[in-house]
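Please read them with the structure open.

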Amino acid sequence: MVTPTTVVASMQKIVMLLAVALFGVIALTGEAAAKVPVIYQTGQHAFECGPLPAPFDKEPELAGFNAAYICDITGVFWSYFSVRNCKPAAVKGDSYSDETELVAAIKAKYPESSMKRGLWGKYGWILLALAVLAGIGIWLKEKFTGED
């Protein structure tokens with residue numbers, strides 16, 4: 001069901017995506033390209049899947065936890081081009097629980113494909129790579145044709 005909130009959230013993502021792409025092209029075509037900060041991420045990130053499966057959703061010590069996969073990530077500007085070594089766990093903020101029975105229940109209910117990565121987190125690196133290639137193409141064209 002489409003609600004006004006989901007439409008606004010989608011529009012915000014699209015605007016952010018276009019702004020980052022435009023920033024990338026402008027930054028790569030200007031003389032100050034070497035001064036552009038690149039935000040590069042590595043480490044672990046938890047991608048939520050949904051509520052905890054029964055009977056763990058009723059346990060008081062797991063109140064507020066959600067089912068998730070904790071993965072090793074590599075990416076730029078919060079778009080991950082490498083998501084690997086994913087392990088199921090119950091996650092709440094910076095805390096997690098990876099008890100054997102809980103992990104088995106999460107894995108049974110939620111496959112890795114159910115991780116909520118979002119469009120930018122999943123495909124944004126492709127747009128960034130295209131922006132970099134476009135910038136290189138424009139720079140090469142300027143160098144070979146002598147046009148600004």
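Predicted model: local features only at pLDDT ≥ 70, side-chain atom pairs only at ≥ 80, totals over all residues.

1. E1 and strand E2, the latter covering residues 66-76, are joined by eleven bridges and pair in the antiparallel sense. Another facing pair places Tyr40 opposite Val76 of E2.

2. On to the next pairing. E2 and E3 also run antiparallel, with ten bridges between them. Here Gly75 stands opposite Tyr80 of E3. The two strands make a hairpin with two residues between them, and Phe77 in that turn has a positive phi of about 50 degrees.

3. How much of E2 is buried? Ten of the eleven residues of E2 are buried, so the strand is mostly covered.

4. The whole sheet is open and has four strands, ordered E1-E2-E3-E4, with antiparallel pairing. Strand E1 (40-51) and strand E4 (95-97) each have a single partner strand and stand at the edges, so one side of each lacks a neighbour in the sheet. From one strand to the next, the twist averages 40 degrees.

5. Helix H2, residues 100-109, packs on this sheet and touches E1, E2, strand E3 (79-92) and E4. The direction of H2 makes about 125 degrees with that of E3.

6. Helix H3 (residues 118-145) lies across E2 and E3, and runs at about 165 degrees to E3. The buried residues of H3 are Trp120, Gly121, Gly124, Leu128, Ala131 and Gly135.

7. At 1.5 Å a residue, its 28 residues should span 40 Å, and the end C-alpha atoms are 41 Å apart, which agrees. After H3 comes Gly146, with a positive phi near 75 degrees.

8. Which residues does Ser82 contact, leaving aside its neighbours within four places in sequence? Ser82 is located in strand E3, and those contacts are Asp72, Ile73 and Thr74. The side chain of Ser82 is also joined to that of Arg84 by a polar contact of 2.8 Å.

Note on methods: Residues numbered from 1 in each chain as written. Heavy atoms only, no water. Pairing = 2+ DSSP bridges. Axes fitted to C-alpha atoms, helices over the stretch in contact; angles between N-to-C directions. Contact = heavy atoms within 4.5 Å. Polar contact = N/O pair within 3.5 Å; in protein donor to acceptor, adjacent residues only side chain to side chain. Expected span 1.5 Å × (residues − 1). Buried < 20%, exposed > 50% of the residue type's maximum accessible area, 1.4 Å probe, protein only.
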